[in-house]
Amino acid sequence: MRTKLIVGSLFAFTALSSSAALLDSVNIPQTPQQEAKIELGKMLWFDPRLSLSGKISCNSCHDLSTNGADTKPLSIGYAGRKGTVNSPTVFNAGKQIAQFWDGRAKNLSEQATGPITNPLEMAMTPELAEGVIRSIPGYRPYFEKAFGSQNPTFSEIAEALAAFESTLTTPNSPFERYVKGDKTALTQQQIDGLRLFRRSGCIMCHNGNLLGGTSFQKVGSVRPYITNNPSKGKMDITGKPWDEMMFKVPILLNIEKTAPYFHDGAITCL
C-alpha cells in the first residue's frame, strides 16, 4: 500500500501539464519583421514540399495536434525509413540547453536544418530546398516581408522555422504557478509527489521551470541500459568515450502527453 501511495504521488506530480494555449508567444519580441518570420515559419512548418518525397513536413514528426510529438517510438521518414531516436516534443524546445538528444544543435535555427537534410527524414539538400521554395510564387511576398528578399536562402528558411518554433511554448503550468507562490495550484497529492521528487534526487537532473532540458546525463549510470538502439548520445558527436550514452535530460512538463519515452522510445507509459 505504501509503495502504491509513493508511486501515485510521483505520478500525480510528474503528470502536471499546462492549461495555457499551446501557441503562446510569451517573451518573444513582436516587431513587424519578427511577426512576419513567425507567419512564414508556420507556413513552412506544415509544408511537405520541403521533403524529397513531397509527403513529409516538420509537423509529421512533431505533430502539434499530439503535443508536438508523433506518438511513435521512432518516426517514419523518407521512403519509409525509420529514424534512429525518438522524436521529442517540440513544445518548449527553445528554452532548453541545446537541441536534439545528443545536443548537436545549439539553437533552433541549427536544429531546423537537421531534419530537412537528414537522409532518413526529409532527405533534401540545402540547394534543393532553396530551389523548391523559390519555385513557389506564393512564398515570395512572405520572404520579402520577413527578410527583404524574394529569393529565399536555406538559412532564411531555417530562421523562419525557428521563429515559429520559438512560439511553441506552454507557460503558466500548475507547477510554474506553484513555484511562483500560488500554493493552490497543486493538489495535496501533487505536493506530496513534489516533496518525494526532491528527496529522491530526481530534481538534480529534472530541474528548472520545464523540469529538465538543462543538462546532459548518462543513461545507465546505476545499471546498464539495455537497448538495441544504435545511438550513443553525445559520443556520436564528440567521439569521446566518456560521452557514451550521455543524453540531454528530457523535460517533464506535459510528460503524460508525449509517450513513448527515452531516446529509443522503449518506455511506453509513466
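Let me begin with a term: a residue is called buried when its relative accessible area is under 20%, exposed when over 50%, and partly exposed in between, with a 1.4 Å probe and protein chains only. What we have here is a predicted model, in which local features need pLDDT of at least 70 and side-chain atom pairs count only at pLDDT 80 or more, while totals for chains, interfaces and linings use all residues. Residues are numbered from 1 along each chain as its sequence is written, and side-chain values use heavy atoms, with hydrogens and water left out.

With that in place, buried residues make up 45% of the 270 residues in the protein. The secondary structure comes to 10 helices and two strands, where helices (H or I, at least four residues) and strands (E, at least two) are DSSP runs numbered from the N terminus. From that end, the order of elements is α-α-α-α-α-α-α-α-α-β-α-β.

Let me turn to the interior. A nonpolar core, as I use the term, is a set of buried Ala, Val, Leu, Ile, Met, Phe, Trp, Tyr and Cys residues joined through side-chain atoms within 4.5 Å. The largest one has 30 residues, of which L40, L44, L50, I116, I133, F143 and L161 touch the most other members. At least two residues of this core come from each of α2 (32-45), α4 (108-117), α5 (126-134), α6 (140-147) and α7 (154-165), and α7 gives the most, with seven residues. There is also a second, separate core of 11 residues, which includes F175, Y178, L186 and Y261.

So how much of α7 is covered? Of its 12 residues, 10 are buried, among them F154, I157, L161 and F164, but also E156 and E165. These buried residues pack against α2, α3 (58-61), α4, α5 and α6. Taking contact to mean heavy atoms within 4.5 Å, and leaving aside neighbours within four places in sequence, L161 is in contact with G41, L44, W45, C58, A112 and I116.

A146, in helix α6, is buried at 0% relative accessibility. Although A146 and P32 are 114 residues apart along the chain, their C-alpha atoms are separated by 8.4 Å. Beyond its neighbours within four places in sequence, A146 is in contact with Q33, A36, K37 and L40.

On the charged side chains, a salt bridge here is a side-chain nitrogen of Lys or Arg within 4 Å of a carboxyl oxygen of Asp or Glu, and the whole structure has eight of them. In one, D102 meets R104 at 3.0 Å, N to O; D102 is buried, with a relative accessible area of 10%, whereas R104 is partly exposed at 40%. In another, the closest N and O atoms of E130 and R134 are 3.9 Å apart, and these two residues, four apart in helix α5, are separated by about one helical turn.

C61 itself is buried, at 10% relative accessible area, whereas C269 is exposed at 51%. A search of the whole structure finds zero disulfides.

How values were computed: A disulfide is a pair of cysteine sulfur atoms within 2.5 Å.
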